[in-house]
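Subject: Structure for your files

Hello,

The structure is below, with notes on what was found in it. Please read the notes alongside the coordinates.

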Amino acid sequence: MISTPSRPTFWNIPTVDQILIYVLGIAAVCFCAWGIVQGVKRIRSGTAKPVLGSHPERLRRLWSEGFLQKRILKTTAGKAHFALFWGFIFLFFGTAIATLDWDVTRLFFGVRFLKGGFYLFYKLVLDVAGIAALVALAYAAWSRWVRKGVSLEASPRFAVIIGSLFLIILSGFFLEALRLAAQRPEWASWSPVGNFLAGLCFGALPESTLESAHRILWWLHGLGALGFIAAVPAGFFSHIYKAPWNIYAQKLAPLGAAPKIENIEEQEAFGISDLKQLTWKHRLDFASCTECARCSSVCPAVRMGTPLDPKKLVLKLQKATKEGASEGPVSKIISEDEIWSCSTCGACMNACPSRINIPDLMMELRTHYALEEGKFPPGVAKTLQNVASVGNPWGLDPGSRLDWAKDIDLPVAEAGKPIDVLYWVGCAASYDRRAQKIARAMVRILKSAGVSFAVMAEERCHADFARRLGEEYLFQTAAAENIANLSQYTFKKIVCACPHCFNTLANEYPQFEGGRFDVQSHVDFINDLIREGKLPALAGNAVPTSYQDPCYLSRYNGLSEAPRKVLSALGTELKEPERSGADAGCCGAGGGQFWFDGSKTQRVNVIRFGELKATGASRIATACPFCLSMMDAAKAKEKDETTQVRDIAELVAEALTEEKPAA
Ligand code: SF4
Ligand code: SF4
């Protein structure tokens, strides 16, 4: 019986075995370091791209998203990964502390610190870490082979990956159990798992058998752990260093701001068509995929059964770039159908633990087809021509843009006459009969609140969908025209009742000279009016309502609280669907999909409509004319005659009373 708790390092291990494990350990670490250097070189071989933005903010995100894993923690799979990640961190540091105790402080200073109470606590923590990691691995196996999660690979490769980690930890527990069964120290209960296994499996075995079994298992465990270290740079495990790197290097500019082609008139190549055009950041994006399939599980294109699966797309590019190919046509790897199936909803990037930016990549791939080959999905070319020729996608008379307000007194901006708010109506609310009700509701709200406002007669389509379809030239032409027109007028802010208008004017126009304006979404603006008591009292309406978060408000611009506050001010009974806020389901209209002929988007809007209805709501509220249109279409398809579909502005305008609020 041993009397003082201390770490029995190399108990039962002959000196020659100890020397051998050190040699193998050094070789494994060197191999790992060499592999990481090669991996970094492969990534850095991409074309240059500066990492813009503040480093303190990058470090904050690395801590929050990489170490605390806040982005994925809300799901069970995320919690399991958190347990696995931190389990391994503790086991890694446990080994590092043991090495420090034995090979540094004992060897050089004759001092051992892994003893007494600290040692017992250390043992307990490592047992808990090991159990957490084992449970997480069991969950990972269950997800792949039993639950069969969307796009999760249930292959022999993953059986080896998950199985090898499981065996490394399990063999560590049995190793501990064999030693405890042989030594029987008083403090064995501080290693609860090892102690339990010792009693369960080895209690009756003679000491010599325990020692022999211990020595064999020690080698198996040691070789497994060193094999894991050596395998880190090679394949799946390389995400251990690549994912944090990618999180650190993520886009800090507003996520809704698509990449701009500078000096577009002087360019000869547009977008990405060849692997040699990929930047190091693209390569890092592909390399840092953890194959978790979170992107695929939330992707509307996958739900619709299109050829696009974001995880598969990233892995195909990962394979192409990992195999050392420095050039070659991307069209041989990614089909046009995949590229056009994306609604740029951003759900994949929002769900991705490595922050892989798929929407921007899709736009860059589309830019090649649009500007170099003049290729678009059916129906889109005509819509783009309409925007170019008459400034709206429907090809309607630009002179009739303000016809929706024929019978109301609508102030129109005049140069030299300052106003507080320039109300940006947008094409949908100007020309689409159903969406025109949103514009009229906005005017009623602005007037009721006594806001000095006007609309701009020269307003034209900002062509955000053209940019998302790769037609950057048209987008930049429209941006220049709109910015020049806006600059003639004096106003404090622009208010947009369409998330696409809001995102473009707020996040993309600052990419152009003179394009920096104070821009507010109507949900935010109306919420401010209510909060500041500027609107007359609102008539309460407790209709059970489910809110469809538009992707370009909630996901790209973090605006999911304001609309809910407005709904709550209306007295509505808010019914939240399973996916809401930044995780909300896409209506299927974004990324230009709204304009495709024979669009598959009909199905995703029906899916989303069903999710919102499943909450028991009898009314669907939204804050986007395109979501509104998609929900109306789903309602018609489902032959639903009872559910109301309304924009938040309409609900507020309907609830306005003439009674002024108390000051
Ligand atoms: S942006 Fe949306 S549609 Fe496109 S790949 Fe990502 S999740 Fe799918
Ligand atoms: S792209 Fe991101 S979310 Fe998709 S599988 Fe890879 S790591 Fe997971």
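**Cores**

Val652 touches Ile445, Ile526, Leu538, Val566 and Leu570, leaving out residues up to four places away in sequence; touching means that the C-beta atoms, placed from the backbone, lie within 7 Å. This is a predicted model, in which local features need pLDDT of at least 70 and side-chain atom pairs count only at pLDDT 80 or more, while totals for chains, interfaces and linings use all residues. Residues are numbered from 1 along each chain as its sequence is written, and chains are lettered from A and ligands numbered from 1 in the order in which they are written.

Val652 is also one of the residues with the most contacts inside the largest nonpolar core, together with Met442, Cys496 and Ala649. That core has 137 residues. It draws at least three residues from each of domain 2 (383-525) and domain 3 (531-655). Another core, of 32 residues, lies apart from it and includes Ala133, Phe174, Ala181 and Ala188. A nonpolar core here is a set of buried Ala, Val, Leu, Ile, Met, Phe, Trp, Tyr and Cys residues joined through C-beta atoms within 7 Å; buried means that 20 or more other C-beta atoms lie within 10 Å of the residue's own.

Domain 1 covers 15-246, with bounds from an automatic or database domain assignment. The C-alpha centres of domain 1 and domain 3 are 46 Å apart.

Helix 5 (residues 156-183) has 28 residues and should span 40 Å at 1.5 Å a residue, which agrees with the 39 Å between its end C-alpha atoms. The expected span is 1.5 Å times one less than the number of residues. Helices are DSSP runs (H or I, at least four residues), numbered from the N terminus. Just after helix 5, Arg184 has a positive phi of about 50 degrees.

**Ligand shells**

A residue belongs to a shell if its C-beta atom, placed from the backbone, lies within 6 Å of the ligand.

- Ligand 1 is surrounded by 16 residues, the closest being Cys299, Cys342, Cys345, Ala347 and Cys348. Helix 15 gives the most to this shell, with three residues. Helix 11 (300-303), helix 14 (347-351) and helix 15 (358-373) each supply at least two.
- Ligand 2 is surrounded by 15 residues, the closest being Cys289, Cys292, Cys295, Lys311 and Cys352. The elements giving two or more residues are helix 10 (294-298) and helix 12 (310-322). Helix 12 gives the most, with three.

Regards

Definitions and conventions. Buried ≥ 20, exposed ≤ 12 C-beta atoms within 10 Å, placed from the backbone. Contact = placed C-beta atoms within 7 Å.
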